[in-house]
Amino acid sequence: MSAVGKSTNIFWQECSVGKLDRQKLLKQKGCVVWITGLSGSGKSTLACTLDRELHSRSKLAYVLDGDNLRHGLNKDLGFSTEDRTENIRRVGEVAKLFADAGLICIASLISPYRKDRDSCRGILPESSFIEVFMNMPLELCEARDPKGLYKLARAGKIKGFTGIDDPYEPPLNCEIEIKQQNGVCPSPNAMAGQVVGYLEDKGFLHE
Ligand SMILES: Nc1ncnc2c1ncn2[C@@H]1O[C@H](COP(=O)(O)OS(=O)(=O)O)[C@@H](OP(=O)(O)O)[C@H]1O
Ligand SMILES: Nc1ncnc2c1ncn2[C@@H]1O[C@H](COP(=O)(O)OP(=O)(O)O)[C@@H](O)[C@H]1O
């Protein structure tokens with residue numbers, strides 16, 4: 001019996017089917033691929049291309065996209081520092097459940113604050129939080145501007161936009177960095193291939 005947060009008198013319920021049983025069934029190991037970077041850096045593109053590539057290899061993955069989750073689970077949150085922190089905390093907890101279910105959970109959120117990403121890392125089993133940094137220059141993201149948000153931010157019509165008037169803290173020790181080569185961004189397939197190579201090397205694509 002214990003107290004956790006505001007809950008008192010709560011108990012942990014164990015079930016006889018465990019993570020290892022699920023991983024055996026799925027022939028893979030559960031983990032979280034956490035994609036962080038500026039708006040327009042290619043997070044969703046990588047998430048969806050990776051999802052498709054894993055699917056084609058009969059591996060079960062699921063994408064948690066920041067924009068999409070803000071339509072439901074996180075629709076009560078805005079973009080203040082506190083709300084972004086709560087956004088990342090919730091998605092980290094959901095991602096942890098997916099990884100425990102044995103899935104390769106692909107989370108793609110700006111997640112601008114290092115301490116919030118590190119907190120998510122801290123609640124996952126050792127080595128199963130794989131941080132992927134979309135290291136794309138602001139100028140490239142701003143030139144892409146597929147939703148026209150940078151334009152609005154520059155015009156002062158969106159306040160607190162990441163990279164413009166709100167901070168982005170790059171990872172210090174990420175597992176994977178995606179960056180331009182000779183000024184050219186790798187193709188979506190090449191970006192996904194980099195992540196699949198990592199998952200393969202570390203044994204996540206086998207039970
Ligand atoms: N102020 C501000 N700053 C940054 N982004 C903004 C903002 N307002 C709206 N948007 C849109 O919200 C998307 C980012 O949501 P996230 O949940 O990933 O953000 S965060 O991790 O909580 O910072 C982001 O999507 P992506 O472009 O896919 O990154 C934007 O479409
Ligand atoms: N590797 C890439 N090469 C060329 N264009 C890309 C690449 N990745 C993303 N893009 C384009 O950049 C824009 C932003 O990508 P998106 O995945 O929506 O970024 P984010 O989710 O980080 O906001 C989109 O128009 C997308 O088609």
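Visitor: Which residues lie nearest the centre of the largest pocket?

Guide: This is a predicted model, and the largest pocket in it has a volume of about 650 Å³. Its lining is made up of 33 residues. Those that lie nearest the centre of this pocket are Ser39, Lys43, Asp67, Ile110 and Lys147.

Visitor: Which elements give two or more residues to the lining of the largest pocket?

Guide: The lining divides into 13 nonpolar, 12 polar and 8 charged residues. The elements that each supply two or more residues to this lining are α2 (43-56), α3 (66-69), α4 (81-100) and α8 (188-201).

Visitor: From which element does the largest share of the lining of the second largest pocket come?

Guide: The second largest pocket holds about 350 Å³ of space, and among its 14 lining residues Trp12, Glu14, Lys96, Leu97 and Asp100 lie nearest the centre. By class, the lining divides into 7 nonpolar, 2 polar and 5 charged residues. The largest share, 5 residues, comes from α4.

Visitor: How many residues in the lining of the largest cavity are charged?

Guide: The count comes to 1 cavity of 30 Å³ or more, and about 40 Å³ of space lies in the largest cavity. Its lining consists of Ser39, Gly40, Asp145, Pro146, Lys147, Leu149 and Tyr150. Of these residues, 3 are nonpolar and 2 are polar, while the number that are charged is 2.

Definitions and conventions
Residues are numbered from 1 along each chain as its sequence is written. Chains are lettered from A and ligands numbered from 1 in the order in which they are written. This is a predicted model: local features need pLDDT of at least 70, side-chain atom pairs count only at pLDDT 80 or more; totals for chains, interfaces and linings use all residues. Side-chain values use heavy atoms; hydrogens and water are left out. On a 1 Å grid over the protein atoms alone, a cavity is a set of points where a 1.4 Å probe fits but cannot get out, and a pocket is an open set with protein on both sides within 12 Å along at least five of seven lines; lining residues have an atom within 4 Å of a point. Grid points are joined across faces, edges and corners, and a volume is the space filled by probe spheres set on the points. Ala, Val, Leu, Ile, Met, Phe, Trp, Tyr, Cys and Pro count as nonpolar, Asp, Glu, Lys and Arg as charged, and the others, Gly among them, as polar. Helices (H or I, at least four residues) and strands (E, at least two) are DSSP runs, numbered from the N terminus.
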